[in-house]
Amino acid sequence: MKIGVLALQGAVSEHIRSLEAAGAQASPVKRVEELEELDGLVIPGGESTTIGKLMRKYGFIDAVRSFSGEGKPIFGTCAGLIVLAERIEGEEEAHLGLMDMTVSRNAFGRQRESFETDLDIKGIDEPVRAVFIRAPLINEVGPEVDVLSTYRDEIVTARQGNLLASSFHPELTDDYRLHAYFLEMAKEAAVARQK
Ligand code: GLN
(Lines give C-alpha, C1' and ligand atoms only; values in the text may rest on other atoms or scores of the structure.)
Protein backbone atom coordinates (compact mmCIF):
# COMPACT_ATOMS: atom_id res chain seq x y z
CA MET A 1 0.00 0.00 0.00
CA LYS A 2 1.18 3.49 -0.82
CA ILE A 3 0.38 5.92 1.97
CA GLY A 4 1.16 9.63 1.77
CA VAL A 5 1.73 12.03 4.63
CA LEU A 6 0.54 15.57 3.98
CA ALA A 7 3.77 17.55 4.25
CA LEU A 8 2.70 21.20 4.46
CA GLN A 9 3.49 21.58 8.17
CA GLY A 10 3.87 19.33 11.20
CA ALA A 11 5.17 15.91 12.23
CA VAL A 12 5.80 14.31 8.83
CA SER A 13 8.93 12.15 9.10
CA GLU A 14 7.73 10.42 12.26
CA HIS A 15 4.58 9.24 10.46
CA ILE A 16 6.64 8.03 7.51
CA ARG A 17 8.81 5.98 9.84
CA SER A 18 5.77 4.45 11.62
CA LEU A 19 3.98 3.69 8.34
CA GLU A 20 7.07 1.97 6.96
CA ALA A 21 7.45 -0.01 10.17
CA ALA A 22 3.83 -1.12 9.74
CA GLY A 23 4.66 -2.33 6.22
CA ALA A 24 3.50 0.56 4.01
CA GLN A 25 5.33 2.37 1.28
CA ALA A 26 5.23 5.93 2.67
CA SER A 27 6.02 9.30 1.12
CA PRO A 28 5.58 13.00 1.90
CA VAL A 29 2.87 14.80 -0.10
CA LYS A 30 3.53 18.39 -1.10
CA ARG A 31 1.52 18.71 -4.30
CA VAL A 32 -2.06 17.67 -5.08
CA GLU A 33 -0.89 15.60 -8.08
CA GLU A 34 0.89 13.30 -5.64
CA LEU A 35 -2.45 12.19 -4.18
CA GLU A 36 -3.36 10.31 -7.32
CA GLU A 37 -1.18 7.25 -6.82
CA LEU A 38 -1.93 6.87 -3.10
CA ASP A 39 -4.06 4.30 -1.29
CA GLY A 40 -4.34 6.40 1.86
CA LEU A 41 -3.35 9.75 3.37
CA VAL A 42 -2.20 10.83 6.83
CA ILE A 43 -2.80 14.40 7.98
CA PRO A 44 -0.25 14.91 10.76
CA GLY A 45 -0.17 16.90 13.97
CA GLY A 46 1.15 20.43 13.97
CA GLU A 47 -0.94 23.56 13.95
CA SER A 48 -4.37 23.13 12.43
CA THR A 49 -4.91 26.77 11.43
CA THR A 50 -1.61 26.76 9.54
CA ILE A 51 -2.25 23.37 7.94
CA GLY A 52 -5.77 24.49 6.91
CA LYS A 53 -4.45 27.73 5.42
CA LEU A 54 -1.77 25.96 3.42
CA MET A 55 -4.27 23.35 2.25
CA ARG A 56 -6.50 26.13 0.90
CA LYS A 57 -3.56 27.88 -0.72
CA TYR A 58 -2.30 24.77 -2.56
CA GLY A 59 -5.68 23.35 -3.60
CA PHE A 60 -5.72 20.48 -1.12
CA ILE A 61 -9.21 21.11 0.28
CA ASP A 62 -11.08 20.02 -2.85
CA ALA A 63 -8.45 17.44 -3.81
CA VAL A 64 -8.56 15.68 -0.43
CA ARG A 65 -12.36 15.83 -0.38
CA SER A 66 -12.48 13.97 -3.68
CA PHE A 67 -9.77 11.58 -2.46
CA SER A 68 -12.12 10.74 0.42
CA GLY A 69 -15.07 10.62 -1.97
CA GLU A 70 -13.33 7.77 -3.80
CA GLY A 71 -13.42 5.84 -0.52
CA LYS A 72 -9.68 6.22 0.11
CA PRO A 73 -8.81 6.31 3.81
CA ILE A 74 -7.57 9.39 5.62
CA PHE A 75 -6.01 9.36 9.09
CA GLY A 76 -5.90 12.68 10.97
CA THR A 77 -3.77 12.89 14.11
CA CYS A 78 -4.06 15.78 16.56
CA ALA A 79 -4.13 18.90 14.32
CA GLY A 80 -5.08 16.48 11.51
CA LEU A 81 -8.14 15.43 13.51
CA ILE A 82 -9.17 19.10 13.73
CA VAL A 83 -8.68 19.46 9.96
CA LEU A 84 -11.04 16.49 9.36
CA ALA A 85 -13.85 17.75 11.61
CA GLU A 86 -17.08 19.29 10.40
CA ARG A 87 -17.27 21.58 13.42
CA ILE A 88 -14.55 23.30 15.50
CA GLU A 89 -15.70 24.74 18.82
CA GLY A 90 -15.48 28.56 18.81
CA GLU A 91 -14.52 28.80 15.14
CA GLU A 92 -16.82 29.63 12.27
CA GLU A 93 -15.13 27.67 9.54
CA ALA A 94 -14.10 24.07 9.32
CA HIS A 95 -11.22 22.92 7.09
CA LEU A 96 -12.05 19.67 5.28
CA GLY A 97 -15.33 19.25 7.18
CA LEU A 98 -15.49 15.53 6.41
CA MET A 99 -16.14 13.89 9.77
CA ASP A 100 -19.44 14.41 11.55
CA MET A 101 -18.04 15.61 14.86
CA THR A 102 -17.41 18.73 16.93
CA VAL A 103 -13.88 19.16 18.26
CA SER A 104 -12.27 21.44 20.84
CA ARG A 105 -8.73 22.61 20.28
CA ASN A 106 -6.18 22.58 23.10
CA ALA A 107 -8.83 20.94 25.22
CA PHE A 108 -6.73 19.52 28.02
CA GLY A 109 -5.82 22.83 29.68
CA ARG A 110 -2.49 24.14 30.75
CA GLN A 111 -1.49 21.69 33.43
CA ARG A 112 -2.03 18.71 31.21
CA GLU A 113 -0.91 20.33 27.97
CA SER A 114 1.27 17.33 27.26
CA PHE A 115 1.05 13.88 28.82
CA GLU A 116 1.23 10.18 28.04
CA THR A 117 -1.16 7.41 28.91
CA ASP A 118 -2.13 3.86 27.92
CA LEU A 119 -5.37 3.73 25.98
CA ASP A 120 -7.74 0.90 25.20
CA ILE A 121 -8.63 1.18 21.52
CA LYS A 122 -11.46 -0.77 19.94
CA GLY A 123 -10.02 -3.17 17.34
CA ILE A 124 -6.56 -3.30 18.96
CA ASP A 125 -5.90 -6.01 21.55
CA GLU A 126 -3.59 -4.51 24.16
CA PRO A 127 -3.56 -0.85 25.32
CA VAL A 128 -1.72 1.62 23.08
CA ARG A 129 0.78 4.16 24.46
CA ALA A 130 -0.63 7.58 23.57
CA VAL A 131 1.25 10.90 23.59
CA PHE A 132 -0.96 13.98 23.89
CA ILE A 133 0.52 17.38 22.98
CA ARG A 134 -1.81 20.39 23.28
CA ALA A 135 -4.34 17.91 22.08
CA PRO A 136 -7.88 18.46 20.86
CA LEU A 137 -10.77 16.29 21.93
CA ILE A 138 -13.98 15.25 20.28
CA ASN A 139 -16.99 16.76 22.06
CA GLU A 140 -19.77 15.27 20.08
CA VAL A 141 -20.14 12.79 17.22
CA GLY A 142 -22.87 12.04 14.68
CA PRO A 143 -24.53 8.64 14.18
CA GLU A 144 -22.07 7.49 11.49
CA VAL A 145 -19.09 7.90 13.81
CA ASP A 146 -17.74 4.96 15.78
CA VAL A 147 -15.96 5.91 19.03
CA LEU A 148 -12.77 3.81 19.29
CA SER A 149 -11.34 5.16 22.54
CA THR A 150 -11.96 7.55 25.38
CA TYR A 151 -9.71 9.12 27.99
CA ARG A 152 -11.48 10.11 31.22
CA ASP A 153 -14.82 9.93 29.45
CA GLU A 154 -13.70 12.18 26.60
CA ILE A 155 -13.54 10.85 23.04
CA VAL A 156 -9.97 10.70 21.72
CA THR A 157 -10.14 8.21 18.81
CA ALA A 158 -12.95 7.83 16.30
CA ARG A 159 -13.73 6.37 12.91
CA GLN A 160 -16.32 7.22 10.29
CA GLY A 161 -16.11 4.77 7.40
CA ASN A 162 -12.83 5.54 5.61
CA LEU A 163 -11.89 8.30 8.06
CA LEU A 164 -9.83 7.74 11.21
CA ALA A 165 -8.97 10.42 13.79
CA SER A 166 -6.90 10.47 16.97
CA SER A 167 -6.34 13.30 19.46
CA PHE A 168 -2.91 11.96 20.29
CA HIS A 169 0.31 11.34 18.34
CA PRO A 170 0.65 7.63 17.50
CA GLU A 171 3.79 8.39 15.48
CA LEU A 172 5.84 9.42 18.53
CA THR A 173 6.20 5.95 20.02
CA ASP A 174 7.52 2.65 18.69
CA ASP A 175 4.01 1.22 18.80
CA TYR A 176 2.86 0.96 15.19
CA ARG A 177 -0.45 -0.74 15.78
CA LEU A 178 -2.68 2.23 14.98
CA HIS A 179 -0.74 2.76 11.74
CA ALA A 180 -1.18 -0.96 11.04
CA TYR A 181 -4.92 -0.56 11.70
CA PHE A 182 -4.99 2.30 9.18
CA LEU A 183 -3.08 0.19 6.68
CA GLU A 184 -5.78 -2.48 6.98
CA MET A 185 -8.38 0.21 6.20
CA ALA A 186 -6.38 1.12 3.09
CA LYS A 187 -6.17 -2.52 2.00
CA GLU A 188 -9.91 -3.04 2.43
CA ALA A 189 -10.64 0.15 0.51
CA ALA A 190 -8.32 -0.92 -2.32
CA VAL A 191 -10.14 -4.25 -2.59
CA ALA A 192 -13.51 -2.48 -2.59
CA ARG A 193 -12.33 -0.13 -5.38
CA GLN A 194 -11.46 -3.11 -7.55
CA LYS A 195 -14.97 -4.57 -7.37
N1 GLN B 1 -3.04 22.56 19.33
C2 GLN B 1 -2.84 22.27 17.94
C3 GLN B 1 -3.97 22.85 17.09
O4 GLN B 1 -4.94 23.28 17.62
C5 GLN B 1 -2.74 20.78 17.72
C6 GLN B 1 -1.57 20.23 18.49
C7 GLN B 1 -0.89 19.07 17.85
O8 GLN B 1 -1.12 18.73 16.66
N9 GLN B 1 0.02 18.48 18.57
O10 GLN B 1 -3.86 22.88 15.91
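Helices (H or I, at least four residues) and strands (E, at least two) are DSSP runs, numbered from the N terminus. You are viewing a predicted model, where local features need pLDDT of at least 70, side-chain atom pairs count only at pLDDT 80 or more, and totals for chains, interfaces and linings use all residues. Residues are numbered from 1 along each chain as its sequence is written.

**Helix H3.** Now select residues 60-69. The buried residues of H3 are Phe60, Val64 and Phe67. Buried means 20 or more other C-beta atoms within 10 Å of the residue's own, exposed means 12 or fewer, and C-beta atoms are placed from the backbone. An α-helix has 3.6 residues a turn, so residues three or four places apart point the same way. Turn to the face away from the buried side: the exposed residues there are Asp62, Ser66 and Gly69. Then show what covers the buried residues, including strand S3 (40-43), helix H2 (48-57) and strand S4 (74-77).

**The core.** Next, select Ile3, Leu41, Leu84, Ala85, Val103 and Phe182. Of the 60 residues in the largest nonpolar core, these touch the most other members. Such a core is a set of buried Ala, Val, Leu, Ile, Met, Phe, Trp, Tyr and Cys residues joined through C-beta atoms within 7 Å. Helix H5 (residues 177-194) gives the largest share of this core, six residues.

Zoom in on Cys78, in the loop between S4 and helix H4 (79-84). Cys78 is buried, with 30 other C-beta atoms within 10 Å. Glu171 is in the loop between strand S12 (163-166) and H5. Glu171 is buried too, with 27 other C-beta atoms within 10 Å.

**The ligand.** Finish at the ligand. The residues around it include Gly45, Ser48, Cys78, Arg105 and Arg134, counted when the C-beta atom, placed from the backbone, lies within 6 Å.

Conventions. Contact = placed C-beta atoms within 7 Å.
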